[in-house]
Amino acid sequence: MLTKGEKFPSFSLENQDGAVVTNETLKGRKAILYFYPRDNTPTCTTEACDFRDNLSEFNDLDVDVYGISGDSKKKHQNFIEKHQLNFDLLVDEDYKLADEAGVYQLKKSFGKESMGIVRTTFVIDENGYIIDVIEKVKVKTQIEELKNILE
């Protein structure tokens, strides 16, 4: 798992519309990169809607927000449309970035083990370094926690 003070890995991922977002794109502004398991599942939907509802406050702090999962552009487009999301979702279908970030792990769900994204949020500074990492994200308190980190 990447930790505070490390440089976030180089990446190049498409957003829901096929536009490429890289770590160079992020330079000059802070960014929240939150990894989540899957579009249109209850907890992931709550998390995305919390970011949607608080985006103006993050923008006021000069912070961009990006959600990242293994879902396709089409699934991201549907998720954005269904919930009027106002930020980009990035496609990591091969889990390359999730793996480099240390958030693609063996998970247990209903007694079954499988590889997947463990919900994790990275706060990145203007130069691409990790300001903070929220592991084992608690969706109910995450937005407040992020505001405290950024203020």
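Reader: Which pattern does the protein follow, read along the sequence?

Author: Helices (H or I, at least four residues) and strands (E, at least two) are DSSP runs, numbered from the N terminus. Read that way, the protein follows β-β-α-β-α-β-α-β-α-β-β-β-β-α, with five helices and nine strands. This is a predicted model, in which local features need pLDDT of at least 70 and side-chain atom pairs count only at pLDDT 80 or more, while totals for chains, interfaces and linings use all residues. Residues are numbered from 1 along each chain as its sequence is written, and side-chain values use heavy atoms, with hydrogens and water left out.

Reader: How much of the protein do buried residues make up?

Author: Buried means under 20% relative accessible area, exposed over 50%, and partly exposed in between, with a 1.4 Å probe and protein chains only. Of the 151 residues in the protein, 47% are buried.

Reader: How are contacts between residues at least 6 apart in sequence to be read?

Author: A contact means heavy atoms within 4.5 Å. Among contacts between residues at least 6 apart in sequence, 64% join residues at least 24 apart.

Reader: How many positive and negative side chains are there, and how far apart are the centres of the two sets?

Author: Lys and Arg count as positive and Asp and Glu as negative, without His and the chain ends. The place of a charge is NZ of Lys, CZ of Arg, CG of Asp or CD of Glu. The protein has 20 positive and 28 negative side chains, with the centres of the two sets 6 Å apart.

Reader: How many aromatic pairs are there?

Author: Rings of Phe, Tyr and Trp (its six-membered ring) pair if their centres lie within 6.5 Å; planes under 30 degrees apart count as stacked, over 60 as edge-to-face and the rest as tilted. The count comes to 10 aromatic pairs. One of them is Tyr34 with Phe51, which is stacked at 4.4 Å centre to centre and 20° between the planes. Tyr34 lies in strand β3 (residues 30-35) and Phe51 in helix α2 (residues 42-60), so this pair ties together parts 17 residues apart in sequence. Both Tyr34 and Phe51 are buried.

Reader: Why is the pair of Phe51 and Phe87 edge-to-face?

Author: The ring centres of Phe51 and Phe87 are 6.3 Å apart and their planes are at 70°, so the pair is edge-to-face. Phe51 lies in helix α2 and Phe87 in the loop between α3 (73-83) and β5 (88-91), so the pair ties together parts 36 residues apart in sequence. Phe87 counts as buried at 6% relative accessibility, and Phe51 at 0%. Ring pairs link Tyr34, Tyr36, Phe51, Phe58, Phe79 and Phe87 into a cluster.

Reader: Which residues is Val123 in contact with, leaving aside its neighbours within four places in sequence?

Author: Val123 is in strand β8 (residues 120-124) and is buried at 0% relative accessibility. Its contacts, with those neighbours left aside, include Ala31, Tyr129, Ile130, Leu146 and Leu150. Ile130 lies in strand β9 (residues 130-134) and is buried, with a relative accessible area of 3%. Not counting residues up to four places away, Ile130 touches residues including Leu2, Phe8, Phe122 and Val123.

Reader: Where is Gln16 found, and is it buried or exposed?

Author: Gln16 is found in the loop between β1 (12-14) and β2 (20-22), and is buried, with a relative accessible area of 7%. The C-alpha atoms of Gln16 and Val91, 75 residues apart along the chain, are separated by 7.2 Å. Beyond four places in sequence, Gln16 touches Lys73, His76, Gln77, Ile80, Asp88 and Leu89.

Reader: What is phi of Asn40, and what is phi of Tyr95?

Author: Asn40 has a positive phi of about 60° although it is not a glycine. Asn40 is in the loop between β3 and α2 and is partly exposed, with a relative accessible area of 34%. Tyr95, also not a glycine, has a positive phi near 60°. Tyr95 is in the loop between β5 and α4 (96-101) and counts as partly exposed at 21% relative accessibility.
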